[in-house]
Amino acid sequence: MIRHTMRALCAATLVIAPVALTATPAHAVTSCRVNGVPVTGTSVIGTPNADYITCGSVGSGDLIRGEGGADYIVVTGTVAGAVRGNTGGDFIRVDGTVAPGGAVDGGDGNDFLRVATNGGTVDGGTGIDYCRVVSGAPPVNCES
C-alpha cells in the first residue's frame, strides 16, 4: 500500500509541477508609449527632454520614469508599481487607482499630479507642487 501511495504522489508531482511553472505570466508593463513609440518591459524610462508617456496600467514592481524635462505622463488604469516624474515640472495623471503599495512621485520641480483614487502614495516631491486626489488617501509634499 505504501508503495502505491508513493507512486501516486510521484506521478502527481510530475503532472502538477510543469503546470505550475507555465501558469505564471511574464511580468511586463502593458500598453505603454513614449513619445508615440510602443515600449514594454518592467521599466519604461523617458528621455532627458520633455516626454509624453501613456500607459494602460503599471504592474507591481514596475517603474515608469519621465527623466528630465517637463514630462506629461498618463496612466489610464491601475498603478501597482511606481510612476515618477523625476526632474522638471511634470504633469502626472492617473485616471484609475493607485493601489496599496503603488506610488506616484513628482520628483524634483514644480509638478501637477492628479489621481482619481489613491490607496497608495501620492507624493509631490520637492518644489512647489499642485496635487489633486479625487478619493482615498491625501497626497503628501504638495503645496496646494
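Visitor: What pattern does the chain follow, read along the sequence?

Guide: The order is α-β-β-β-β-β-β-β-β-β-β-β-β, from 1 helix and 12 strands. Helices (H or I, at least four residues) and strands (E, at least two) are DSSP runs, numbered from the N terminus. This is a predicted model, where local features need pLDDT of at least 70, side-chain atom pairs count only at pLDDT 80 or more, and totals for chains, interfaces and linings use all residues. Residues are numbered from 1 along each chain as its sequence is written, and side-chain values use heavy atoms, with hydrogens and water left out.

Visitor: Why does serine 31 count as exposed?

Guide: Exposed means over 50% relative accessible area, buried under 20%, and partly exposed in between (1.4 Å probe, protein chains only). Serine 31 has 56% relative accessibility, so serine 31 counts as exposed. Its place is in strand β1.

Visitor: What does serine 31 touch, not counting residues up to four places away in sequence?

Guide: Serine 31 touches Thr54, Cys55 and Gly56; contact means heavy atoms within 4.5 Å.

Visitor: What makes a set of residues a nonpolar core?

Guide: The members are buried Ala, Val, Leu, Ile, Met, Phe, Trp, Tyr and Cys residues joined through side-chain atoms within 4.5 Å. The largest such core here has 19 residues, and Ile64, Val75, Val79, Val83, Val94, Val98 and Val104 touch the most other members. Strand β8 gives the most to this core, with 3 residues.

Visitor: How many of the residues of the chain count as buried?

Guide: Of 144 residues, 33% count as buried.
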